[in-house]
Amino acid sequence: MIKTTNLTKVFTTEEMETKALNNINIQIDAGEFVAVMGESGCGKSTLLNTLGLLDTITSGELEIAGTNVSHYKESQRAILRKNQIGFIFQSFNLIDELTVFENIELPLTYHKIPSHKRKELVHKTLEKVNMSHRSNHFPQQLSGGQQQRVAIARAIVHEPKLLLADEPTGNLDSQNGTDVMNLLTELNAEGSTIVMVTHSNRDAQFAHRKINLYDGEIVSSSKLVMQ
Amino acid sequence: MKNSQFVAFIRFLKQNKLYSSISIIGLGIGIASCLLISLYINYENSFDHYHEKKNRIYRLTSKLDFNGVIDAALTNLPTGPALQNDYPEVESYVRFRRFGNEAQFQVNQQTFPTPNVWIVDSTVFHVFSYELIKGDPKTALTKPHTIVLNQSTAKRLFENGDALGQNIQINNGLYEITGIIKDIPNQSDMPVNALVSMTSLPQRFMVAHNQDWFRIGFYTFLLFKQPVDITDFETKLVEFEKKYVQPWSAENQIVASLTYAITPITTLHFDNLKEYDQPKGNKTYLLIFSILAVFLLLISIINHLNLNLAQGSKRAKEVGVRKSSGAQTKEIFSQFLSESFILSAAALLIGVIITWLSLPFFNRVLQVDLSLLNLLSPLYLFSTFFIFILVTIIANSYPALLLARLNPIQVLKGTGTKGLKTMKLNHSLLFIQFLFSLFMITGTFIVQKQMNYIANYSLGFEKDKIVSIQIPRDTAIRNHVMPWLSTLKNQENVVASSLTRMPNGDNTGQLMFRVEQDEKMLEQTINFMFVDEHFLNVLGLEVIQGRNFDPTIATDQSQGFIVNQKAAEAFGWYSDAIGKRIQWGLLPNGQAENDGKVIGLVDDFNFQSLHNELTPLILCYNPRGGNTLAIRYNSNNLSSQISLLEDRWNDLAGGHPLQYEYLSTSISNNYQTEENMTDVLSYFSYIAIILALIGLFALVTYSLQARWKEIGLRKILGASLTQLAWLISKPFAILLAIATLISTPISRYVLQDWLNGFAYKTNLGIGPFLTSFLVLFGLSIITISYHVWRISKIDPVVTLKDE
Ligand SMILES: Nc1ncnc2c1ncn2[C@@H]1O[C@H](COP(=O)(O)OP(=O)(O)O)[C@@H](O)[C@H]1O
Ligand SMILES: [Mg+2]
């Protein structure tokens, strides 16, 4: 699903250059559930963003689903994002002005999908995350856990092959966090490839594999025992 | 625009009602100002454009150099026909002569005073587009004693408006109505209520005028077969003058010359330099208005842009989410552009509504009749649409682009608006707004100050207790009212009365005099008035040397003159004005029809409007008096006096209404243009202030957004609200101070220039400039205080958690 070769990301600001990722070589197979761990500032989010084509890479190669996307233009990357990738963020990032239903529908509006079909997909997804009863609420009316479930629904509604989650449980209490992890596990079981950044060893236990980053480099990559 | 985008947008507007409405209404105000002004400019520019042959019609004028130059809008009687005769390119001509100030129409024993009655050639219907709805344009005004009325006059005179074939009596003459024209458009410098045939003029009048090339008394319009080159034709007019006028003046031993000129009728409205012309438009004011329009629109666009930017940062997260969901930059861009298109459409709608609502007011202030219907002309629709597109694109593509370009990672990190830090708002925009508002406010102050100065300036006589009554020329009525009027001066509340027209700025003439200077008789054009012996009493003027006119001294009538002090100074009569020789009605060889001496010297008084310096004035004695009775009361309550007069008048005058005029009113009419300007200026300066405050509001909003966390921190560290208020106000206060420093000298220069158009002017002083600063400063503080209130509500812990 994902293959990187000497992937490097350097941030250049006025004051300094930060090598956020240094010669990263990883391979993630379709259907895998990978947890990325490491201390704050080690480059986890940067890795996720480059894999999700939100950010460009400085050097090295990036292959997604067998295609080398290292030199894609922004418009090509946008197309790939909308077809193949779903994002889940620590701070949910729901649009306050849209209802739950409309938030989830959002990615579909960038596809040419007729409205009745969109409705169907959104309802199906709502059921999957167990939020059907809240479809007309606005984000502020929901608890954090519910908001994250909606955010997950939005990430998966267009049935992407790759799900990228950046500390999805970071803003949640442990009960809600467990719910979210169960949901992700289910999605993985249904075939989604998931890359998840987390600080929590407990959450990492849900993954098949754990990648540890230190200062922009991979220090270990260990298979975990399936629960 | 996708449905979800639209929905999100509308909900966003709802949640940010204050900002949304300020943004839309602000732009609406700008658009409305622009629409109003362009309607007005369009109105002014289309004066006399209703004539179908407007491109071929020119007005012929003459400059007379006869011991002093008179550049008059008038010509003599014979030139029109002679030109048509001699020059094949002249297809036709039409001459207009005023039928007195007001004609007294009599129908069925009832009198209808009617202004704007003209004596014209029968060709008038061929040259001008006066639309005859009854009557034959070819013959309507050919016969003597025929008259054509406009529709509203016909309705006023005859109950059923059915006037054709009826008769009207005017001053002992009977006129047959041979046509009815549609009321001519208001955009006409020569309003017309009725047209009388030229052939109605007495034969001896025509002969006298036809023989005299220097007797100018007619507005002459030429219709050419094709539009002509003005300088070409004016060269021909020089030859024409050589051929006809010069031989004639040589023959009559007159040393004088006459220069003709032509002006296209389409530009006549702005030709303000000639004497005896109709009141006109003013190009300078139009220019000022155009600049105003552009500035107001620009400023409101800038505000709109600033508010959009300030609001845009609130939507950064949405951009991040959409992008990570696969939206492309161009999709986001078009989303925001469509949004602003909707906003602009709303603003346009509001602009049109504001225009519509304020038109009646604007019309009243400027005394015009603009209509929103004018907006329906293709040119208008086009330009409005053009402005609309321009506004949308300019005001919105920049913020839309900035938003669309946002880096999703940064905005989604939770730092929120961090990515929008690149949206640096330009303080210089606000600076320009401050500058402009200051110009407007000081301008308004100074113009008002000058108007007050003029209103309160002592003219040298008491204008406030004087009323002038028109005495009908009709001898029957005259015989009825005169005995009673002559007793008025004995009433206890009447100080004096005089059969003389009062100096309202308009009632003096100029005449060629010969005046004794250094023991020689020198010819000179001098202002004069015909007055009776009560004139000075009514005005309360003092004779400082010699005496007033005396009806018992027979020689006073043609051989006695009273002059003002200015004349004595100008002629070098230091302490001995009395007895100096004056002649008028000049004849060759030092002879004159009237030859006499100065019998009195009177205090100076302003007999012209205060645009003019005081000049020498000669008062000539006319013991019989004229057709105006001026009454000076000793009380200020003139209206109750008038109603008493009216009661008695109606008993005596048999249907002829009492026509009267307060002297103070007719004097202030001289400043009508300036008064209108003052009003318009003050309204637009309110608008400029409002727009500047909106701009300030937007900028503070924006700058606060960037500093929200900083302010939270400062609060934690113990900053007081006053300190925080000063923190956010300081940059703007400095900006305003600099704007004041820069605007002051510029507006002083411009305003001094305007003031120089008055001979009597207030001084600029420092007050208006200081006040303008304080006004804007005060309003700015009020505007910012809203934000200070918001700051006071900040819970610092929440602001900091956001990161
Ligand atoms: N846009 C950026 N500009 C400059 N430096 C950045 C930027 N984003 C991240 N970095 C730097 O890159 C490094 C890795 O950041 P990040 O991937 O966010 O770490 P993590 O998610 O593991 O906490 C940090 O040192 C961070 O300061
Ligand atoms: Mg991170």
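Let's start at the ligand: helix H1 of chain A gives 3 residues to the shell around ligand 1, the largest share. This is a predicted model, in which local features need pLDDT of at least 70 and side-chain atom pairs count only at pLDDT 80 or more, while totals for chains, interfaces and linings use all residues. Residues are numbered from 1 along each chain as its sequence is written, chains are lettered from A and ligands numbered from 1 in the order in which they are written, and side-chain values use heavy atoms, with hydrogens and water left out.

Ligand 1 sits between chains A and B. Its shell holds 13 residues, of which A:Gly41, A:Gly43, A:Lys44, A:Ser45 and A:Thr46 are the closest; a residue is near the ligand if one of its heavy atoms lies within 4 Å of it. By class, 3 of these residues are nonpolar, 8 polar and 2 charged. Here Ala, Val, Leu, Ile, Met, Phe, Trp, Tyr, Cys and Pro count as nonpolar, Asp, Glu, Lys and Arg as charged, and the others, Gly among them, as polar.

Now look at the oxygen atoms of ligand 1. One is 2.7 Å from a polar backbone atom of A:Gly41, and a polar backbone atom of A:Lys44 is 2.8 Å from an oxygen atom of the ligand. A:Ser45 uses its side chain instead, with a polar atom 2.7 Å from a ligand oxygen. The protein covers 71% of the 570 Å² of accessible area that ligand 1 has on its own (Shrake-Rupley method, 1.4 Å probe). Two or more residues of the shell come from each of strand S2 (17-24) and helix H1 (44-51) of chain A, and helix H12 (408-415) of chain B. Helices (H or I, at least four residues) and strands (E, at least two) are DSSP runs, numbered from the N terminus.

Next, turn to chain B, where B:Ser340 is part of helix H10 (residues 329-366). Its relative accessible area is 3%, so B:Ser340 is buried (under 20% relative accessible area, 1.4 Å probe, protein chains only). The side chain of B:Ser340 reaches the backbone oxygen of B:Phe336 at 2.7 Å. Leaving aside neighbours within four places in sequence, B:Ser340 is in contact (heavy atoms within 4.5 Å) with B:Asn308, B:Thr392 and B:Asn396.

Finally, the aromatic rings: the whole structure has 38 aromatic pairs over all chains (ring centres within 6.5 Å, with the six-membered ring used for Trp). B:Phe128 and B:Phe221 have ring centres 5.0 Å apart and planes at 65°, so their pair is edge-to-face (planes over 60 degrees apart). Both B:Phe128 and B:Phe221 are buried.

Technical notes:
A polar contact is a pair of N or O atoms within 3.5 Å; within protein, one must be able to donate a hydrogen and the other to accept it, and residues adjacent in sequence count only if both atoms are side-chain atoms. Buried means under 20% relative accessible area, exposed over 50%, partly exposed in between (1.4 Å probe, protein chains only). Rings of Phe, Tyr and Trp (its six-membered ring) pair if their centres lie within 6.5 Å; planes under 30 degrees apart count as stacked, over 60 as edge-to-face and the rest as tilted.
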